[in-house]
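Thanks for coming. I will go through one structure today, from the overall fold down to single side chains. Please have a look at it first.

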Amino acid sequence: MTETTTETAVGTAAISGAPPGNGPAASRSPLWRTLRTTPVIVALGVLTILVFVACFAPWLWTVDPVQINPAQRLRPISFEHWLGTDAYGRDVYSRVLYGGRISLIVGLSVAVISMAVGLVIGVVAGYFRWVDAIVMRIMDGLMAIPGILLAIALVSLSGSSIMTVIIAITVPEIPRVVRLVRSVILSVRNEPYVEAAVSLGTPTVTIMLRHLVPNTIPPLIVQGTYIFASAILTEAILSFLGAGVPPENSSWGNIMAEGRTFFQLIPGLVLYPGILLSMMVLSVNILGDALRDALDPRMSRRL
């Protein structure tokens, strides 16, 4: 009886493709194995700390980041000012913490908006051939313009604000998402199950939502992580050039821009926000690489 039960269990495991006796199936999935690697764990930890610090900045022993105190300008690190003060006497520690909020808001907003708009346009362009010819020429035209220059032009025309910066960074990212989604749709729309749904008279919207869109989710998630990191860098560049968020809103970019004049006197004015910016972008990129390896079937076989 025992031998029969063992053979049945082994046979069931062989059919399912999972080795017997190695724990739950979730622990053997490529995504789970990827998330357990040391670089991913470190990246998740760093990103969690940065998000926590940015969200709870008012409660982390900070003062008003826009409070000006000329008598305390360019002071070194002290118990009252943990990272010193800038040229206007503002607390650098508070400004750096609050600056993380701008980066997170801009990065998340740009990633979500560009993926949503790009998904809709890409699905329609990939499914309808007559729409594809028109849409892709427009996307090619947008991609021909350098993203930074386009963002600077949009900010210059519309004025400096967080919403303007988000729109200015989102517009150059949409064509990349459209091309990605379109390529997936073109490879999936000729699959037998899609052709069968078309021959059965299934509504076009149902075909898109049930058979086409799910295939775009894994690559779209990976692309979203890179857009998030790229948007943070672009916002910092725009703020550093004076075309980003208004000066009264603390941003890592405008903190570095204001501190570059006094870099030789107090290097921390540039180094502190620069280090945090690098850590956040590096952590997001590591997570993006891990998701790509886990969600790509060709890469998951190697894990």
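The secondary structure comes to 12 helices and zero strands, where helices (H or I, at least four residues) and strands (E, at least two) are DSSP runs, numbered from the N terminus. What you see is a predicted model, in which local features need pLDDT of at least 70 and side-chain atom pairs count only at pLDDT 80 or more, while totals for chains, interfaces and linings use all residues. Residues are numbered from 1 along each chain as its sequence is written, and side-chain values use heavy atoms, with hydrogens and water left out.

Some totals next. Of the 303 residues in the chain, 40% are buried; buried means under 20% relative accessible area, exposed over 50%, and partly exposed in between (1.4 Å probe, protein chains only). The chain exposes about 16200 Å², and carbon and sulfur atoms supply 69% of that. These areas come from the Shrake-Rupley method with a 1.4 Å probe; for residues, only the protein chains shown count as cover. Taking contacts between residues at least 6 apart in sequence, 68% join residues at least 24 apart. Contact here means heavy atoms within 4.5 Å.

Now the interior. In soluble globular proteins, nonpolar side chains tend to be buried together. A nonpolar core is a set of buried Ala, Val, Leu, Ile, Met, Phe, Trp, Tyr and Cys residues joined through side-chain atoms within 4.5 Å. The largest one has 57 residues, and those with the most contacts inside it include Val110, Ile169 and Leu277. Which helix gives the largest share of this core? That is α9, with 12 residues. As for Val110, leaving aside neighbours within four places in sequence, its contacts include Ile166, Ile169, Ile227 and Ala231. Apart from this core lies another, of seven residues, among them Ala125, Val131, Met139 and Val178.

Is arginine 95 buried or exposed? Its relative accessibility is 1%, so arginine 95 counts as buried. What does its side chain meet there?

Last, the aromatic rings. The structure holds four aromatic pairs. Rings of Phe, Tyr and Trp (its six-membered ring) pair if their centres lie within 6.5 Å; planes under 30 degrees apart count as stacked, over 60 as edge-to-face and the rest as tilted. Phenylalanine 52 and phenylalanine 56 have ring centres 4.8 Å apart and planes at 35 degrees, so they form a tilted pair. For tryptophan 82 and tyrosine 93, the centres are 5.0 Å apart and the planes at 45 degrees, so this pair is tilted. Tryptophan 82 sits in the loop between α3 and α4, and tyrosine 93 in helix α4. Tryptophan 82 is partly exposed at 36% relative accessible area, whereas tyrosine 93 is buried at 15%.
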